[in-house]
Amino acid sequence: MKTMFTATLLALAATASFAAATVGQPAPAFTATDTRGKTVSLADFKGKHVVLEWTNPGCPFVVKHYGSGNMQGTQKEAAAKGVVWLTINSTAADAGDYKAPAAMGAWMNEQKAAATSTLMDADGKVGRAYGARTTPHMYVIDPAGKLVYAGAIDSKSTTNPADIPGATNHVKVALGETLAGKPVSLASTRPYGCAVKYSSM
Amino acid sequence: MRLHCLRTCHALLRKWSAGVFLLAAGLLALPAASAPSAVVVTPQVRAELLAHAPAGAAAGQPLWLGLRIEHKKHWHTYWKNPGDSGLPTTLEWTLPAGVTAGDIAWPTPKKLPVGPLMNFGYEDTLLLAVPVTVPAGHSGRTLEVQLRADWLVCKEVCIPEGGDFVLSVPLDGGVPGGADAAATATLFAASRQREPQSLQAGQAQAAVQDGALVVRVAGLPAAWQGRELAFFPETAGVIANAEVPQARWEGAVWQARIALDPQRSEAPTTIPAVLVPAGEAAGALVAVAVTSAWPAATSTTTAPGADALPALGAGTVDSSAGAEAPVNTAPPIGLAAALLLALAGGALLNLMPCVFPILSLKVLGFASHGRDRRKVLAGGLAYTAGVVISFVALAALLLALRAGGEQLGWGFQLQSPVVVATLAALFTLIGLNLAGVFEFGSVLPSSWAAARARHPLVDSLLTGVLAVAVASPCTAPFMGVSLGLAVTLPTVQALAVFAALGLGMALPYLAVSAWPALARAMPRPGVWMQHFKVLMAFPMFATVVWLVWVLGQQAGIDGAAALLGLLVALAFAAWALGAPALGSKARLGFGSAAAVVLALAVAWVAPALKADAVAAVPATAGTDARWQAWSPERVAAARAEGRPVFVDFTAAWCVTCQFNKRTTLADAAVLQDFDTRRVLLLRADWTRRDAVITAELTKLGRSGVPVYALYAPGNAGPRVLSEILSVAEVRDALATLPQQTAAR
């Protein structure tokens, strides 16, 4: 009975602390380990634009964007403009499609991804702080640390790669606007994808 | 050697032939590119297309088609709003000409939690039924139905699946389905039972308050009272799906506070939603009308000085201490900026022709009074108090009316012809007073004048109130931004912004009253003061001209003429009652005549200002060959055909709008750019009250005019330009539009 009570309290606390990030507000700080074991913090990139990409190789929506080269293309375009790209995997260690750091790093290499760093967030702390709920779920942070975009990678919520050319790539548009010093016109869109497989607290 | 080879070769040959045989068998065993049927089976679901005709399948009779999806244990598909992730099942019908299929009748969904996330969908057996209309004259003995269905089925992983289905429904009046007809009928009936029942319209309202949606629903089944209800919105991207609403029953009305998604992407005016108690198969479908404005939560909010942000602390995010990371509803930086802008805007108001005459005369009055410093300072503070209180009261009125559901924005007072007429009358009287036609002392009872002398502080306070009344038509350019932000803030902060505006306006007067050095710097009194007083009458009359023009836009030329008649009558009455040189007999004679004339004038004006008379006047503001009247449908249609749209939200009484209209929007280079890019130019005229325009302004995060919005073709959000429009800004914005391949 006591354990159930504490469990409920913790669960409530967990849901209460989910998604504190709001567009237009300072992006939550975080520290995580990358696939090579190095510690990476958001504060390391102060003064630069940062894109956060939540991913899970087993998800058909992620496969849509990686299989077609769309995500890699967006990453390369961002890198060419000096934008830092952090790919984050918040899949719990006990989930069926969990990939260990080495395997995750290998998968990113196979896909020829152009992310600055791939971060492992198996305990879901970073994901919960940002309210990341789908894979993919994209965020753009400006050099002052303010969250300027949160939402989908593009405007057609399907698993069909043939829909990519006709869709608007929200991240490319947001980066174009924020790099030019303009406010992001569509700062919040509905993200689509598979649910992020968070660990139970 | 040969013998060895022979044996090995034989063995190899046998192996190969076995392999070939197996391969051939395998190929033959594969279903030969399966012809589409009414059934598709995958490892996760069995999907079947069924037909149901309660009165027999024939032309002109009701017919239902449905996709039955039987999910394997623990696998699920999604509702029309899938929740935090997932995709709804889609059905694409190919039917013979004349036959149409309606929308899916979605059964009441189930909550499917996934850790801290929440989805809405279905498990086990699901029937997605659509009504089909077969016209009475339809020829053809059978109805050939083709369906392309796509669904996302998930357990822990998600698998996008789909299938092509065909079904032939004989239109012979018999019951389709053959042997399984009874089972099919039962299935359709059961699914019908699970559909949410629509409640009568107008029973559900919601308002946005501090990051949550406060919902009130009446008209729910009596048996549900006191029970916990689950809330399923059909509109995605609004609420925090995983949060449990804080709900209670007030008699027969269900009230709940539902947390909003901090990364909300929609701002709907109506949210259809399904409410269902635990354990019930069928819920209730309500149309929740959102009565308040949605806060603009984008990064377009003014946020100067990014260094004012607290330094991002390094270190892990401590998610267990959830209470330490509160969700801010109002950006503190935004508020400080709004307060500063309001202060500056208020100070600038003093230069407007509405306020300047009154202010300058009061300030000059300091030089002629030998009163002691303390009294002068007290007078200044009383004036400031009067100004601030009036602004806050006006703001409170605006916010209260908005909370009560009125679609109002700043400048709302000027949308009423009665208010415009009253202001015109007030300004005329002030102008005549300054010009020396009459003295207030002679008009007002002597007791009043004595009271003014006895209570100088009250006098100063009322002067402040008068100054605000007189300032309201002249809105300074950047007041719009801070006010647009203010109405989206919580009440206390919004009132603080308006108070800052008042403070800014009172500052010059307060400064002169507080620092005698400034008062000493004022020029010494003399005859010139009399001339100056008369001179100040003319800006007052100029403002009257503008107000008459505004009224003309609202009530037509007849209304404007009626107002002018009223002003003449008023002037006559003021002279008759207040001219210093008239004797008492003359005053009585002319006074009575004036009273009669005034009564006639009011009788003439009143009908012209009535709401229906005003509504009958066609809006003529700014419609010329280039600009067309705005409507949301026109915007959508133009964008769908690939044309960019530029919308000018304007009003006759908005000085900045008129200024931009005659300068930037009339600039030859800008017009050339508009033509080259085939931009559709639309004008939304807010001179009179218009709920549709107010709602659209709210969607854009503004509460007043001017607003300039540029919509690129497609579905992206609009780009809102600044209020003092510059030619460079418009041309830059147009340059970012995608290139047209063929410009006419």
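Trainee: Anything to know before we start?
Mentor: It's a predicted model, where local features need pLDDT of at least 70, side-chain atom pairs count only at pLDDT 80 or more, and totals for chains, interfaces and linings use all residues. Residues are numbered from 1 along each chain as its sequence is written, while chains are lettered from A and ligands numbered from 1 in the order in which they are written.

Trainee: Okay, how do α6(B) and α14(B) cross?
Mentor: Helix α6 (residues 417-435) and helix α14 (residues 537-578), both of chain B, have axes that come within 5 Å and cross at roughly 25 degrees. Helices here are DSSP runs of H or I with at least four residues, strands are runs of E with at least two, and both are numbered from the N terminus. The axes are lines fitted to C-alpha atoms, for helices over the stretch in contact, with angles from 0 to 180 degrees between N-to-C directions.

Trainee: What do you call that arrangement of α6(B) and α14(B)?
Mentor: α6(B) and α14(B) are therefore roughly parallel. Under 35 degrees counts as roughly parallel, over 145 as roughly antiparallel, 65 to 115 as roughly perpendicular and the rest as oblique.

Trainee: And which residue classes make the contact of α6(B) with α14(B)?
Mentor: By class, it's 27 nonpolar, 5 polar and no charged residues. Nonpolar covers Ala, Val, Leu, Ile, Met, Phe, Trp, Tyr, Cys and Pro; charged is Asp, Glu, Lys and Arg; the others, Gly among them, are polar.

Trainee: Which residues of α6(B) are buried?
Mentor: Among them are V420(B), L423(B), F427(B), I430(B) and L434(B). Buried takes 20 or more other C-beta atoms within 10 Å of the residue's own, exposed 12 or fewer, and partly exposed is in between, with C-beta atoms placed from the backbone.

Trainee: How does α14(B) pack with α15(B)?
Mentor: α14(B) and helix α15 (residues 584-609) of chain B pack at about 165 degrees, with axes 8 Å apart. That makes α14(B) roughly antiparallel to α15(B). Their contact has 21 nonpolar, 3 polar and 2 charged residues.

Trainee: Switching to strands: what's the order in the open sheet of chain B?
Mentor: The 5 strands run β20-β22-β21-β23-β24, with mixed pairing. β20 (628-629) and β24 (719-721) are the edge strands, each pairing on one side only. Two strands pair if DSSP finds at least two bridges between them.

Trainee: How many bridges join β20(B) to β22(B)?
Mentor: There are 2, and the strands run parallel. Q628(B) has L682(B) as its bridge partner in β22(B).

Trainee: And β10(B) with β11(B), how do those pair?
Mentor: Strand β10 (residues 142-154) and strand β11 (residues 158-170) of chain B are antiparallel over 13 bridges. They form a hairpin with 3 residues between them, and D150(B) has G162(B) as its bridge partner in β11(B).

Trainee: What about the phi of D124(B)?
Mentor: D124(B) isn't a glycine, yet its phi is positive, about 55 degrees. D124(B) counts as partly exposed because it has 13 C-beta neighbours inside 10 Å.
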